[in-house]
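Have the view open and follow the points in order.

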Amino acid sequence: MLSHLLKDTSVIVSTGNVLNVNELRKKAGQKPTDELTDCLRSTFGEAEVTDLSPNRRLITRRNNDLLEKVKQHPRADIKIGAKIFLNRFSEPALTEAVDKLLEMLNVSYLDNLILAYHPTGDHNSNGSAGEGAEEQEVKEGVLEWAVGSDNAVGNLKKLWSLLERYAADGKIGQLGIADLDADSLMELYEASTVHPSIAQINLAACCVVPTQLQEYCNENEIQLLTHSDPQELLPREVLNTLELGSYGAGWTCRYQVHIKCRGVLAAKGFIVSLDRSN
């Protein structure tokens, strides 16, 4: 079904504003992976294709009102926040993700950006306990990040340094990080020029906020927030159900556009890079 769209190339899929799609709006409250899966299916069903290069295509949704929603208010009156999910170390992938966010939203800066870098994707795809969850012990007050991954903090510092350059150029306001344990957050904070001002944790992974992490965030004025995103937002089994078995998720972005004075969510969407596996 998707062969005519993909043409054996790597693709970037931009869902546009999913809030204006009735079938998606009716499914509010979905788990993150289920939401993304439905958004991709819907986009493929109303696709417009643009060739970016001989081996790269852009797939967008027809009749998408994302740019209209963004431009409906002065830029100073809206707040744009985004989260980038990355499951492998790749500076070019992170650069492309940020650049595509700015390009697809047609803005010069993001108010905040959170990086979710998980060099391993061992957790259940939809963020729930899932089958076999009884085999994975959840330790109360213990948060583990990048277990079994070599030089994870060192690679994270390189990725963070890249984001700092965007911040220095005025293209990102606040930088945030997801799911770091206290020691890793301290190491990143002390090595950074632009410090993380937001730290997200998934309470499903540790039940309660670790005391050391909470104290460190309080001492350094880091906003501590919770989330429900899995470590791997678009795992292999989900790609298979989408007839994308020969592709892997290079990176995924989720963005939200809020109207500041009212706190109203004006637009929401995803941008996904799908790379050929062979």
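1. Start with Arg-75, whose charged end sits over the ring of Tyr-109, 3.9 Å from its centre. Arg-276 likewise lies over the face of Tyr-247, at 5.2 Å from the ring centre. A charge sits over a ring if NZ of Lys or CZ of Arg is within 6 Å of the ring centre and within 35 degrees of the ring normal.

2. Before going on, please note that this is a predicted model, where local features need pLDDT of at least 70, side-chain atom pairs count only at pLDDT 80 or more, and totals for chains, interfaces and linings use all residues. Residues are numbered from 1 along each chain as its sequence is written, and side-chain values use heavy atoms, leaving out hydrogens and water.

3. Now look for aromatic pairs (ring centres of Phe, Tyr or Trp, the latter by its six-membered ring, within 6.5 Å); a search of the whole structure finds one. The rings of Tyr-189 and Tyr-216 have centres 5.8 Å apart and planes at 85°, so the pair is edge-to-face (over 60 degrees; under 30 is stacked and the rest tilted).

4. This pair links distant parts of the chain, with Tyr-189 in helix H7 (residues 182-191) and Tyr-216 in helix H9 (residues 211-219), 27 residues apart. Helices (H or I, at least four residues) and strands (E, at least two) are DSSP runs, numbered from the N terminus.

5. Are these two tyrosines buried or exposed? Tyr-189 counts as buried at 14% relative accessibility, and Tyr-216 is buried at 9%. Buried means under 20% relative accessible area, exposed over 50%, and partly exposed in between (1.4 Å probe, protein chains only).
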